[in-house]
Each structure stands twice: as C-alpha cells, then as structure tokens.
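Open the model in your viewer and keep the selection panel at hand. The tour goes stop by stop.

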Amino acid sequence: MTKQYDVVILGGGVAGGSLAHSLRRQHKTVAVVEDNLFGGTCPNRGCDPKKILLSGLEITQVVNDMQGNGISGSVSVNWPDLMRHKRQYTNPISDATNNGLISDGVDTYHEHAQFNSDGLLTAGNQSLSGDQYVIATGQRPRILDIPGSQFFKTSTDFLNLDDLPNDVTFVGGGYIGFELAGIARAAGATVHLIHHNDRPLKQFDQQLVHEEVDRLAKLGVDFHLNTGVQEITQVGEQFVLSGDNFKLPTDMVFCTAGRIPNVDTIGIQNVGVKTDQHGVIVDDHLQTSNPKIFAMGDVVSTKRPKLTPVAGFEVGYLAGYFNGSTDPIQFKSIPTIVFGQPSLGQVGLPSNIATDDSRYMLITNDMTKWYSYHRLNEPLAKAKVVINRDTETVVGATVLSNHADYLINILTMMIDQHMKIGDFNREILAYPTLASDVQYLI
C-alpha cells in the first residue's frame, strides 16, 4: 500500500527537519526519510561537535599567548574528557530530532530512500507518494581513489575518537583539514597537513592564507604543500604515505579532500533529475528538472558556500514557495569562516577585485597592536576591507584573527544593509569592544 503526502522530504538533517516543521504549520501532511542520524551533519558530526572540540584549542591558545603577561602556568587538553563533553551534546540529538518531528505530526522513516521508475519513493518496505518531493540528503566526505584508500579515516571518525593518536596526518588543505589540524595540534599530537598544490584554502585571500599557514607552522603543524599522496601502506601499527620523492609514516591518516553530494544511491536517474559533479541542478525556485522535485542544502549544485545557514535560508524560501509565493530565491551575502589559530573569515567581493577594478578601494589593516588584540597578546590580527568608492559602502572583507567570526558578521550586515560608512561611524557602540573597532577598519 502506498502512503500519500503533500510533501515527502529525503533527508532528516537541519534543512529537511526544519522544512518539515514549517510545512506542518501550514497544515500539510509531511514525511521525512532518513537513513542515518536525524539532525544531519552539522549537529551530529560537523559544525557543532567541531566547535566543542575547538574550545580546547581556544583555551590553550589564550593561556599560551598570555604567558609572561600576567598569566603563568600551563594548561593542556584532556582528550577523553573533551570528547565526553562533546558526546553529552551530540548523543541525544538524533532521537530528540526524530521525536520532535513525530510530536509535530510528521511521519518519519528511518530507512534508505530511493526513487523508483514509477515516480514513487521507497523507504524500506514502504512505498511513499508526494505531491512534491524535496531532496535534502546533504554531502559525505570525499575519499581519494588511491591504493590503500581503505586506511583513510574521515572527519566523522576524528570527531568521535576515543583517544587521539600521537601522530596524525590530514590529506587535503581545505576548511576541514585546517580546522582539525589545529584541534589535534592543540591537543598535543604531532600533526602533518598535506595539500596537492601551493594554494590551500583557495577560496580565501592568499596573502592572509599564507600568514595563517606560517602561524600554524610556528605552532608545530608540519605542512607539505605541492605534495600528492599516491599510496598508503600499513607497516606494523603505522601507515606510510608515499608519493613522488615523498614518504611519511603516521599513526592515523584522515582524508580531508572535500565532500561529495549524496545523489548516487537515491535513484534520481529514474525520475529525470539532472545532476553534475557538484550535486542536484536547480533553478531559482530550487526546482529540479522534474517539476515535482525540489532540492536544498548541501546536495544542491552551486558555487555558493555549502553551509548550515544557507540551508536554513533555503528552508524559509521553500516554505514560502509551497505556501503560494512565486518570487525567485535571492541570496544575501554569505560569510564563511575557517575556525583555527587564528580564524580566517571572508564575505562579499574578494580583496583582489580592488586591484582589478577602479570602482573599488582596498583598505588593509594590521590590527595586531590594536588594544582589542594587545590585551590578550594575540600574535596575528589583520583585515582587508573592500569599499565601493561611489556608494561609500563595504562590499567585501577578509579577517584573520582569533575573533574573525565576530567581525565578519558585523561586516556582513553592513554589506547586506548597504550601510554607508558615514552612517556606521555615527553609531554609538559600547567601548572598548570589537564592534567599536569596526570604524577604524573602514
């Protein structure tokens, strides 16, 4: 027997679950199918647990920076205790998310979802039919296809390690590689980070990226740029990474070479949904090539950063669309950040546009000796802000500091509100704070 719904959602992550609740407020019948953890990547095995583990890095970083400046003595990360702290948060999430959906009147299926050639969806032994379907199946870690790839661990494994090995290696210099490398080094491990070219974190201002690399290297992270790993072999209890004129033994190796969309096992070829290597192709209504099927979140093919807040924004749009709105989706500026030692945040137009286009001006600030950073003896704090000369507004920014997340959010709001610099400078803000420093950045 086929069960009929207004909307069937594939994926019970942040996007799928949030949309289900929104649709229930419209009195729609909704089913959510999830074959892994309800709640999805971010709260279970992504942003949230990572940020909890980053607390160890942040505490040790402040104490180390302040040595001889009013602080003496050392602190260290107790990995098992930190992991217990993380699990107290993550362990209840899946059941709580599922129970929350059920209590809101959503039918949930803890099964693998797959479209059939008849246009229906199979969830385990149950056949489901929807007036509309939404694909929100997210992404998973990419594993490099090399001999010995079975020895790779992923970010999911790292965020659930009972014990941290003495020597760990990350293959891939993107967000995840940098963040996990910083966590592992702060926790006392010997850390290697390997990247296939000389442009890690390629989406960011490369001058500030190189300063980030130099800082991490001073803290003990062993970088191998322009290095390709061609094979992994096990020798005793260790693993040996090999490439051209390169050989590195390590206790555990993590593949941090990006993520791939979960589109290959849900039968989308049976329902005419077009995809590419980046995910499901959608139009400006998040509609796929099949008019009954929509997609949102990390599974969508896009050049925009695939982040939880972006998925949340798409949830709000689709909820409105299913309730009768016909306007196309219009994204705001999307800030993105690498949390590390220090953090690196970016939003809007890249800094190099000011070099190539006379309409823009680039303001570069070394904030290291500013009061906000001097008081904690931070060793590195810089920012680049792109200004539109005609409108006198901020249109882009990159920040490198322990507080980059705070500043990049303020600059993002300035960009989206088209706030003139003069208008911001007339605001009266609490002092001394990071917010009151913004007037000196622009």
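Begin with S19 and strand S20 (residues 343-348): three bridges join them in the antiparallel sense. Keep in mind that this is a predicted model. Select Thr336 next; its bridge partner in S20 is Gln346.

Now widen the view to the sheet. Five strands make it up, in the order S19-S20-S23-S22-S21. The sheet is open, and its pairing is antiparallel. Which strands stand at the edges? Select 336-338 for strand S19 and 360-366 for strand S21. Each has a single partner strand, so one side of each is left without a neighbour in the sheet. On average, neighbouring strands here are turned by 15 degrees against each other, direction ignored.

Next, the aromatic rings. How many aromatic pairs does a search of the whole structure find? The count is 14.

Trp370 sits in the loop between S21 and helix H11 (371-374). Tyr440 belongs to helix H14 (residues 434-441). The pair links distant parts of the chain, 70 residues apart. Is Tyr440 buried, exposed or partly exposed? Its relative accessibility is 48%, so Tyr440 counts as partly exposed.

Move on to Trp79, Phe158, Phe170 and Phe254. Select the four together: ring pairs link them into a cluster.

Last stop: Arg304 and Phe331. Arg304 lies over the face of the Phe331 ring, 3.7 Å from the ring centre.

Methods. Residues are numbered from 1 along each chain as its sequence is written. This is a predicted model: local features need pLDDT of at least 70, side-chain atom pairs count only at pLDDT 80 or more; totals for chains, interfaces and linings use all residues. Side-chain values use heavy atoms; hydrogens and water are left out. Two strands pair if DSSP finds at least two bridges between them. Helices (H or I, at least four residues) and strands (E, at least two) are DSSP runs, numbered from the N terminus. Axes are lines fitted to C-alpha atoms, for helices over the stretch in contact, and angles run from 0 to 180 degrees between N-to-C directions. Rings of Phe, Tyr and Trp (its six-membered ring) pair if their centres lie within 6.5 Å; planes under 30 degrees apart count as stacked, over 60 as edge-to-face and the rest as tilted. Buried means under 20% relative accessible area, exposed over 50%, partly exposed in between (1.4 Å probe, protein chains only). A charge sits over a ring if NZ of Lys or CZ of Arg is within 6 Å of the ring centre and within 35 degrees of the ring normal.
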